[in-house]
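Me: I would like to learn how to read metal sites and helices in a model. Can we work through one?

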Amino acid sequence: MRAPLPTPLVTVEVADTLRRGVPAVLVASGGDEARLGPGAERVVDADDVSGRAGATSRQGRDRVVGVGDGAPGDWRKAGAALVRALDADAAKGATTYDVLLPDDVAGEAVAAFTLGIALGGYRFKVTGEEPPKRVKSLRLVTAAPGVADVVRKATTLAAATSLSRDLANTPSNVKDPAWLAAAAVKAAKAVPGLRVEVRDEKWLAEQRFGGVLAVGGGSARPPRFIELTWPGTGDGGPHLVLVGKGITFDTGGISVKPADGMHLMRTDMSGGAAVIAALIGVARQSLPVRVTGLVPAAENHVSGSAYRPGDVITHYGGTTTEVTNTDAEGRLVLADALAYAVRNLRPDVLVDVATLTGAMKVTLGLRTGGLFATDDDLAARVAEAGARVGESWWRMPLLADLVEDVRSDIADVRQCPPGPGGITAALFLREFAGDVPWAHLDIAGPARADKVYDEVVAGATGFAARTLIELAETYAATPTNTIG
Ligand code: BES
Ligand code: MN
Ligand code: ZN
């Protein structure tokens with residue numbers, strides 16, 4: 001099989017003059033009553049022009065794209081729709097365009113537009129055939145100040161989303177825990193100052209990572225523990241530890257999943273992918289904040305060596321769990337990693353991200369992540385960071401009346417009590433976060449898309465990678481509690 005990494009992104013350049021002989025893209029705003037930006041005189045058929053976000057029309061060799069009201073979300077949608085339209089006739093059209101932007105275009109608009117352009121044409125296909133011709137680069141032409149920096153950062157965010165998508169889309173016959181670890185090492189090697197350590201099943205046994213070993217025990221492909229370290233710059237700054245679920249395939253184990261939809265569980269390491277991609281994005285931007293990424297990686301499989309419902313397992317650090325359903329494997333591997341972080345890494349902030357529960361997918365649908373937090377400042381930072389990079393989060397409660405349900409008669413904690421599944425899973429994880437301000441991001445819904453919308457295409461979405469990078473940046477700017 002061809003090495004599918006990494007999918008090339010459309011390049012976004014910045015200049016203040018047009019290139020001779022290169023077709024142009026004009027921008028129209030304002031809905032059906034379109035208002036054209038610079039270059040309006042090039043339009044040959046004004047009737048075809050719409051200012052609706054994402055509408056496109058051909059004007060000779062040129063194009064017009066609508067940006068609606070000009071909100072960042074409109075620009076993101078417009079960038080994505082534009083590259084899809086340009087890709088659709090790249091076979092006979094051009095592979096580069098000059099995009100004429102107003103000189104007073106806002107930074108947030110340029111950032112969102114760049115994200116849309118870079119990600120909207122994303123494709124993942126394993127094939128022996130030649131890939132089709134696609135648009136390669138778009139040059140933003142504007143005299144607005146600071147645009148190059150905005151584009152650079154947006155490109156880093158887009159690359160993180162794209163890497164995360166590539167990792168999650170890779171099929172599980174290729175992607176086992178060792179493959180995921182090797183992919184992390186390979187991607188991190190390209191970034192100066194970013195360290196990666198990969199621990200194998202022998203180390204996990206010595207260190208008593210009972211959750212990872214139980215979940216990974218049914219597979220012929222042994223688990224791994226991936227640790228990425230960005231030491232920060234200067235005195236390091238606050239220490240943010242990110243933990244991502246790295247289940248490279250989830251059969252459900254002995255509590256096996258129904259056949260319908262099981263194939264989608266190749267993306268059950270999307271949280272881990274977001275963490276790997278976020279560390280790369282943080283290091284690329286050389287942020288003055290210390291960030292550690294932990295990815296417990298395992299394949300949840302069915303075999304004679306698989307763990308069973310009714311087992312009691314001992315996590316890293318000694319807490320015991322009564323297993324009631326081997327399909328609730330994510331929380332078991334995360335528990336080990338959270339305990340490891342609390343014991344060894346002295347985090348100031350702890351965030352885990354996981355495709356954890358089908359219940360959360362039912363609760364919030366496919367476009368919004370569930371956000372649980374023990375700290376209001378952290379919760380606000382996550383939600384606001386997400387809003388700035390086009391990922392939406394909704395705060396969920398850690399309900400006090402359900403806390404007793406995670407207690408077990410035969411162990412310290414019970415893995416899956418009855419009741420609202422997303423919340424009880426979060427309450428289980430909280431047991432392992434110690435006193436550290438902690439957030440849990442359940443991305444079971446938005447980690448996958450079933451159709452194209454905005455900058456998203458069907459398949460793995462890379463959701464959360466951008467939020468995590470932007471979150472780290474908030475600690476670089478304002479390290480102390482400012483809210484709550
Ligand atoms: N990986 C699944 C959750 C999931 C479901 C993610 C659908 C994306 C789409 C997780 O490991 C799981 O199986 N959770 C169970 C928990 C239950 C057994 C308590 C679930 O949600 O059904
Ligand atoms: Mn499962
Ligand atoms: Zn799972």
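Me: How far apart are the zinc ion (ligand 3) and the manganese ion (ligand 2), and which residue coordinates both?

Reply: First, the ground rules. This is a predicted model, in which local features need pLDDT of at least 70 and side-chain atom pairs count only at pLDDT 80 or more, while totals for chains, interfaces and linings use all residues; side-chain values use heavy atoms, without hydrogens and water. Residues are numbered from 1 along each chain as its sequence is written, and chains are lettered from A and ligands numbered from 1 in the order in which they are written. Donors are N, O and S atoms within 2.8 Å of the metal (3.2 Å for Na, K and Ca), and water is not among the atoms, so sites may look incomplete. Here the two ions are 3.2 Å apart, and Asp250 coordinates both.

Me: Which residues coordinate the zinc ion (ligand 3), and what is the arrangement?

Reply: Geometry is judged by angles. Four donors are tetrahedral if all angles lie between 85 and 135 degrees; four are square planar and six octahedral if opposite donors are over 155 degrees apart and all others between 65 and 115; anything else is irregular. Lys245 (NZ), Asp250 (OD), Asp268 (OD) and Glu329 (OE) coordinate the zinc ion (ligand 3) at 2.0 to 2.4 Å. Its six donor atoms subtend angles of 78 to 173°, which makes the arrangement octahedral.

Me: And which residues coordinate the manganese ion (ligand 2)?

Reply: Asp250 (OD), Asp327 (O and OD) and Glu329 (OE) do, at 2.0 to 2.2 Å. The angles between the six donor atoms of the manganese ion (ligand 2) are 73 to 169°, so the arrangement is irregular. Asp250 lies in strand β11 (residues 246-250) and Glu329 in the loop between β14 (320-322) and α8 (330-344), so the pair ties together parts 79 residues apart in sequence. Helices (H or I, at least four residues) and strands (E, at least two) are DSSP runs, numbered from the N terminus.

Me: Are Lys245 and Glu329 buried or exposed?

Reply: Buried means under 20% relative accessible area, exposed over 50%, partly exposed in between (1.4 Å probe, protein chains only). Lys245 is buried at 2%, and Glu329 is buried at 1%.

Me: How many residues does helix α10 have, and what does it span?

Reply: The expected span is 1.5 Å times one less than the number of residues. Helix α10 (residues 376-389) has 14 residues and reaches 20 Å from its first C-alpha to its last, close to the 20 Å expected. Its buried residues include Leu378, Val382 and Val389. Gly390 follows α10, with a positive phi near 80°.
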